Amino acid sequence: MIDFSLKLASEFYLQDAFQTAQKHLLGSYLCSNVDGKFTAGMITELEVYIGATDRACHAYPNKLTPRTATMFKAGGCAYVFFVYGMYNQFNVVVGPEGTANAVLIRSLEPVAGLDVMKERRHCDNMKNLTTGPGKLCQALGIAKKQHDGIDLRGDEIWISPRIQNYDCIAKPRVGIDYAGEDKDNPWRYLIKDNPFISKV
DNA sequence: CGAGCGATTCGC
DNA sequence: CGAATCGCTCGG
């Protein structure tokens, strides 16, 4: 059984976003205790965004606005944003204060609180509960209004370290056709052979 | 101050 | 493949 009370050490949030994403975040457990309900899923897919140089990043080129402000905080907090009038997306802020790097969590394999997830998602199919950035926020009860900027070492949303190593696949990121030269960067990482993915 | 749009999802 | 749906950004 997994001990979800363990939390990813602070040091990893302050290091290189690509290293942290592939070696520490991928395969770890995103946990939430929202409205008194515990849910957790293993991170199977994520994407890296770099504020200084990456046209796909909301904070490019180091653009500080009310929306992007949390990305400039020190690593270890959540950047949660709202899109399409109905969906939230959850990112892990990585790197020292003043940099705007974030890791978008795109898909989870449900591990705990499946009944809660099914209820929140109005859906019974396990493969459809958390396989997408908007879906997993709904399943875990994560929303910008309550959770943007929240510390990930607190007791509402946190990350529990991976308990084994996984082979990693790199692909281009999803839904960023506007990003020009950066749209083909292979900064989407998936656990090899894990079926809980948002897209092929 | 308002038009345009988005790191998506679902149903037709 | 198009609608849903609204906060954020930017231009006027």
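Guide: We will go through some strands and then the DNA surroundings. This is a predicted model, in which local features need pLDDT of at least 70, side-chain atom pairs count only at pLDDT 80 or more, and totals for chains, interfaces and linings use all residues. Residues are numbered from 1 along each chain as its sequence is written, while chains are lettered from A and ligands numbered from 1 in the order in which they are written.

Visitor: Why is strand β4 largely enclosed by the rest of the structure?
Guide: A residue is buried if 20 or more other C-beta atoms, placed from the backbone, lie within 10 Å of its own. Strands are DSSP runs (E, at least two residues), numbered from the N terminus. In β4, residues 87-94, seven of the eight residues are buried, so the strand is largely enclosed.

Visitor: In which sense do β3 and β4 pair?
Guide: Two strands pair if DSSP finds at least two bridges between them. Strand β3 (residues 78-83) and β4 are antiparallel, with six bridges; Y79 has N91 in β4 as its bridge partner. Their hairpin has three residues between the strands, and Y84 in the turn has a positive phi of about 55 degrees.

Visitor: What about β4 and β5?
Guide: β4 also pairs in the antiparallel sense with β5 (residues 101-112), over four bridges, and V94 stands opposite N101.

Visitor: Which residues surround DNA strand C?
Guide: Near means that the C-beta atom, placed from the backbone, lies within 6 Å. Around DNA strand C are T65, P66, R67, T68, F82, Y84, G85 and M86.

Conventions:
Buried ≥ 20, exposed ≤ 12 C-beta atoms within 10 Å, placed from the backbone.
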